[in-house]
Amino acid sequence: MRDRVEDFYELTKPRLSFLSVVTAVVGYLSADPTRDLGVLFSLLAGTSLAAGGAAVLNQWLEREADAKMVRTKDRAIPAGRIAPHHAFVYGLGLSLLGCFILYTGANLLAGTLTAATIASYVLLYTPLKRFTTWNTLIGAIPGALPPLIGWAAAEGRISTLGWILFAILFLWQMPHFFAIAWTHRKDYAQGGFVMLSNADATGRKVAIQAFVFCLALIVSTLLPVLLGYTTWIYGIIAIAAGIYILRPSIAFLKESERDAAARKLFFASIFYLPALLVPLVLDLWLL
């Protein structure tokens, strides 16, 4: 029973789902909401369930591809520990419950954005991975929507700073996923996914795009300062964090260093996000 519960828990991709919850809370706090614990609880519960449900449905759709890849073949569905129809019901139930909690506990806009996030991730991004290299760009849209869900829960509308948070999350995902795609390019090809890293034998196009998106990301992180939402205390931190993630993206451009640089860029992107978002929220609240 313990192993089975753990399998169902892992189906929700808890680490990835946690990122969605955290960025939704960042959007909520950045909107400087009234201190309504009921709305905050609904946001936490609703986004947790919805993110987990979307992850389950994604694995249900990709179960055959997952069975072909080294890093995913031991997941519960391809390994046969959870039946596909059980996973489908589980994922759909979590998704619907998450949307319902946000509809009733927050507001209509927050619930609608949550439903749109699930739909675009499961029905658009997931199938496109088999047909076009544009899937990474399109998949970054649902990945960037959680801050808007949080902002909508706080205000019932989306303000300019909310859209800036959306842009930051959207742009951040590109070098993050390009680094993953290059590192696991053989596995993705084995699974039948059409990734830019598979269509680019040398990795030059992947590296250039990762670098360009890093530059765009750094610019987007300075918009809160330039538009007067935050002080230059946050701005200095944003610049330092930008230099931190830019360095491995520059190394990624060099063919001789590409494999090692891809791993460094991946880890840099993980540390970069909290290093940027925590000071942003603190600056908005305290200064």
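This talk goes through the overall build of one predicted protein model and then two of its residues.

First, the ground rules. The model is predicted: local features need pLDDT of at least 70, side-chain atom pairs count only at pLDDT 80 or more, and totals for chains, interfaces and linings use all residues. Residues are numbered from 1 along each chain as its sequence is written, and side-chain values use heavy atoms, with hydrogens and water left out.

Now the fold. The protein has 14 helices and 0 strands; helices (H or I, at least four residues) and strands (E, at least two) are DSSP runs, numbered from the N terminus. The radius of gyration is 19 Å, close to the 19 Å from the globule rule for 287 residues, so the protein is as compact as a globular protein of that length. That radius is taken over C-alpha atoms, and the rule is 2.2 Å times the number of residues to the power 0.38. Along the principal axes, the C-alpha trace spans about 50 × 50 × 30 Å.

Of the 287 residues, 51% count as buried, meaning under 20% relative accessible area, with exposed over 50% and partly exposed in between (1.4 Å probe, protein chains only). Take the contacts (heavy atoms within 4.5 Å) between residues at least 6 apart in sequence: 73% of them join residues at least 24 apart.

As for charge, there are 23 positive and 17 negative side chains, and the centres of the two sets lie 6 Å apart. Lys and Arg count as positive and Asp and Glu as negative, while His and the chain ends are not counted. Each charge is placed at NZ of Lys, CZ of Arg, CG of Asp or CD of Glu.

On to the first residue. Serine 30 sits in helix 2, which covers residues 14-30. Is serine 30 buried or exposed? Its relative accessibility is 7%, so serine 30 counts as buried. The serine 30 side chain reaches the backbone oxygen of valine 26 at 2.7 Å. Leaving aside residues up to four places away in sequence, serine 30 touches Trp151, Leu161, Leu165, Val281, Leu284 and Trp285.

The second residue is alanine 153, found in helix 8 (residues 146-155). With 8% relative accessibility, alanine 153 counts as buried. Alanine 153 and alanine 24 are 129 residues apart in sequence, yet 9.2 Å apart in space, C-alpha to C-alpha. With residues up to four places away in sequence not counted, the residues alanine 153 touches include Tyr28, Val39 and Leu43. Ala106, Asn107 and Ala110 are also among them.

How values were computed:
A polar contact is a pair of N or O atoms within 3.5 Å; within protein, one must be able to donate a hydrogen and the other to accept it, and residues adjacent in sequence count only if both atoms are side-chain atoms.
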